[in-house]
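The following exercises are to be worked through with the sequence and the coordinates open side by side. Each task is followed by its solution.

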Amino acid sequence: MQKAYVLLSGGQDSFVCLIWALKKFDAVETVSIHYGQRHGVELRYAGLIAKHFGVKHTLYDIDRFITSMADSTLLHEGNHNESHPQAANLPASFVPNRNGIFLTVISNHAFRNNEKRINLVIGTCETDFSGYPDCRDTYIKAKALELSLGLDRPVNIYTPLMWKNKAQTFQMADNAGKLPELIDLTLTCYSAIEKVNAWGRGCGECPACKLREKGFNEYLASKQ
Ligand code: ZN
């Protein structure tokens, strides 16, 4: 039996990853991580998503661990649209090594469950991304090798959205008949505004909402 562990943030991308994993694997668990994000509201949505699909959901809290060592407007006050203080080419929302730490946590969870072959699913994406270096395909492949060596067993990291744009992730949800759930049960907004729009919940102003709205409109246009 093949089991997968999906990193569930409560946002659109991890929702679509869960749908993908439920179809591909015999069993699925979800893991969420509280890393000190200014708005923890999305984690409540992660719980709602897991409940809706009837999958086990575990939450790990590494709040102080990350907030004490990283600058990011997702963790501390600041303007998401400005540059990161330590990397002028990256947005202020960048959390250094976030995906690497998340993948380490979720692989430890699978290891503790005594998985002999560890399958992880994460919604990182190179197409629409904000330039975060740890979203790149080469990084994820290197991370899988690192975890395999560190745990001395096969670790596969699946990234079903790596080459998809936002319009295509809407399409994946729609193809699975889950577009209404995607709109209602996910929150991607940096400001954690829960207002429901045609394209999903959010403020409509932050970079995450703008990307999502643009993707939704592109998807609607492609259907016509
Ligand atoms: Zn927003």
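**Exercise 1: the sheet**

Five strands form an open sheet, with parallel pairing, in the order β3-β2-β1-β6-β7, where strands are DSSP runs of E with at least two residues, helices are runs of H or I with at least four, both numbered from the N terminus, and two strands pair if DSSP finds at least two bridges between them. Determine which strands stand at the edges.

Solution. β3 (56-61) and β7 (155-158) each have a single partner strand, so one side of each is left without a neighbour in the sheet. From one strand to the next, the twist averages 25 degrees, with axes fitted as lines to C-alpha atoms (for helices over the stretch in contact) and angles running from 0 to 180 degrees between N-to-C directions. The model is predicted: local features need pLDDT of at least 70, side-chain atom pairs count only at pLDDT 80 or more, and totals for chains, interfaces and linings use all residues. Residues are numbered from 1 along each chain as its sequence is written, and side-chain values use heavy atoms, leaving out hydrogens and water.

**Exercise 2: a residue in β2**

Decide whether Thr30 is buried or exposed.

Solution. Thr30 lies in strand β2 (residues 27-34). Its relative accessible area is 0%, so Thr30 is buried (under 20%; exposed is over 50%, partly exposed in between, with a 1.4 Å probe and protein chains only). Beyond four places in sequence, Thr30 touches residues including Val6, Leu18 and His57, contact meaning heavy atoms within 4.5 Å.
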